[in-house]
Amino acid sequence: MDLEAEFERAVAAERRVEPRDWMPDGYRRTLIRQIAQHAHSEIIGMQPEGNWISRAPSLRRKAILLAKVQDEAGHGLYLYAAAETLGADRGELTDKLIDGKQKYSSIFNYPTLSYADVGVIGWLVDGAAICNQVPLCRTSYGPYARAMIRICKEESFHQRQGYELLMTMMSGTDAQRAMVQESVDRWWWPSLMMFGPPDAESANTERSMAWRIKRNTNDELRQKFVDMTVPQAEKLGVTLPDPELRWNAERGHYDFGQPDWREFWQVVGGNGPCNAQRLAHRRKAHEDGEWVRQAAAAHAAKQAGRREE
Ligand code: ACO
């Protein structure tokens with residue numbers, strides 16, 4: 001049997017692919033693309049909430065937010081490490097990100113305008129991330145699947161801290177409740193866009209599903225997220241801004257409206273509200289860190305020299 005057919009058979013039988021196994025070039029390329037985009041999303045995703053660390057309303061909220069943003073950095077590092085097992089170079093991936101040649105999640109191109117956004121990001125954005133990432137714990141590539149297990153545990157803490165924050169605000173003043181509702185109105189549709197374009201327009205889904213890289217289609221996960229979130233919104237006492245949202249007893253799912261896909265493609269194409277700001281910030285942080293990378297490389301070279309003596 002040729003290598004490619006053997007590979008297809010093994011992934012169809014749910015065998016995990018490990019770094020030293022033979023794999024088709026397309027499989028390797030698809031994984032590097034997805035894992036790199038995922039890693040970039042975690043790193044860029046530190047910015048919208050990082051914005052609020054210095055303005056957190058209490059020491060407790062500041063400590064929680066700091067821990068959460070640090071977790072995102074850790075997630076980025078596990079994922080870059082997973083990409084490196086495929087032969088990618090982390091420095092090159094970072095260069096591609098800051099040159100605008102590789103994507104990161106559309107969601108992080110929206111501004112955080114109030115403290116309620118910290119809660120809503122935890123609830124909706126991290127909730128959507130969990131929905132998308134729990135199935136990836138069963139993705140066919142071993143290092144990616146193992147990274148996802150730890151990431152999902154931490155994401156689940158992030159989601160709960162967001163919901164708890166919102167519960168607190170909703171039992172506060174009218175102004176706090178209004179702040180939460182205003183934030184939900186802004187984040188609902190971008191959260192639905194996180195799952196990617198509708199299946200009919202998703203260029204990669206079919207191939208990625210066959211390779212067991214993706215375990216569900218974009219639309220399946222979007223539906224799961226809506227079904228999971230509507231009862232949570234009811235409990236919280238907020239309204240989701242979709243007039244078409246209603247239970248469909250026949251399907252056993254909620255029906256819902258479509259996000260503005262033109263807006264989605266604008267944001268993915270670099271023209272969202274904060275794309276330029278996010279990349280400029282990341283580029284500056286990378287340039288400012290140049291001396292640290294040089295010092296670390298010089299130190300490593302010195303240590304290696306000592307070992308050879
Ligand atoms: N934001 C930016 N780009 C997106 C998004 C999005 N929300 N959704 C899809 N795209 C891009 C795809 O990367 C693809 O572009 P490319 O071919 O140039 O790489 C294009 O739009 C078409 O989409 P699909 O064919 O559906 O792409 P894919 O099969 O990769 O599915 C998905 C997209 C669902 C995001 C998948 O890559 C995935 O599950 N990734 C892992 C999870 C992840 O990256 N999460 C990041 C946000 S969560 C967080 O960080 C808290």
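# Rings, ligand shell and loops

Colleague: Which residues do ring pairs link into a cluster?

Modeller: This is a predicted model, in which local features need pLDDT of at least 70 and side-chain atom pairs count only at pLDDT 80 or more, while totals for chains, interfaces and linings use all residues. Residues are numbered from 1 along each chain as its sequence is written, and side-chain values use heavy atoms, with hydrogens and water left out. Rings of Phe, Tyr and Trp (its six-membered ring) pair if their centres lie within 6.5 Å; planes under 30 degrees apart are stacked, over 60 edge-to-face, and the rest tilted. On that basis the cluster consists of Phe7, Trp22, Tyr27 and Trp211.

Colleague: Is the pair of phenylalanine 195 and phenylalanine 225 tilted, stacked or edge-to-face?

Modeller: The structure holds eleven aromatic pairs. For phenylalanine 195 and phenylalanine 225 the ring centres are 5.5 Å apart and the planes stand at 45°, so the pair is tilted.

Colleague: How many residues apart in sequence are the parts that this pair ties together?

Modeller: Helices here are DSSP runs of H or I with at least four residues, strands are E runs of at least two, and both are numbered from the N terminus. Phenylalanine 195 sits in the loop between helix H8 (174–193) and helix H9 (205–210). Phenylalanine 225 belongs to helix H10 (residues 218–236), so the separation of the two parts is 30 residues.

Colleague: Are phenylalanine 195 and phenylalanine 225 buried or exposed?

Modeller: Buried means under 20% relative accessible area, exposed over 50%, and partly exposed in between (1.4 Å probe, protein chains only). Phenylalanine 195 has 4% and phenylalanine 225 has 0%. Both residues are therefore buried.

Colleague: What is the angle between the planes of tryptophan 247 and tyrosine 254?

Modeller: Tryptophan 247 is partly exposed at 48% relative accessibility, whereas tyrosine 254 is buried at 14%. Their rings form an edge-to-face pair, 5.0 Å from centre to centre, and the angle between the planes is 70°.

Colleague: How many charged residues does the shell around the ligand have?

Modeller: Ala, Val, Leu, Ile, Met, Phe, Trp, Tyr, Cys and Pro count as nonpolar, Asp, Glu, Lys and Arg as charged, and the others, Gly among them, as polar. There are 31 residues around the ligand, and Gln37, Lys103, Ser106, Ser202 and Lys214 come nearest. By class the shell has 13 nonpolar and 13 polar residues, and the number of charged ones is five.

Colleague: How far is a polar side-chain atom of lysine 103 from an oxygen atom of the ligand?

Modeller: A polar contact is a pair of N or O atoms within 3.5 Å; within protein, one must be able to donate a hydrogen and the other to accept it, and residues adjacent in sequence count only if both atoms are side-chain atoms. A side-chain N or O atom of arginine 33 is 2.9 Å from a ligand oxygen, and a polar side-chain atom of glutamine 37 is 2.7 Å from one. For lysine 103 the distance is 2.4 Å.

Colleague: How many disulfides does the structure hold?

Modeller: A disulfide is a pair of cysteine sulfur atoms within 2.5 Å. The sulfur of cysteine 131 has its closest cysteine sulfur, in cysteine 152, at 10 Å, too far for a bond. The sulfur of cysteine 152 has its closest one, in cysteine 137, at 3.9 Å, which is also too far. The number of disulfides is zero.

Colleague: Which side chain does threonine 112 join in a polar contact of 3.1 Å?

Modeller: Threonine 112 lies in the loop between helix H5 (90–98) and H6, and is buried at 7% relative accessible area. The partner in the 3.1 Å contact is asparagine 51.

Colleague: What value is phi of glutamate 14 near?

Modeller: Glutamate 14 is in the loop between helix H1 (3–12) and H2, and is partly exposed at 45% relative accessible area. Most residues other than glycine have a negative phi. Phi of glutamate 14 is positive, near 70°.

Conventions. A residue is near a molecule or strand if one of its heavy atoms lies within 4 Å of it.
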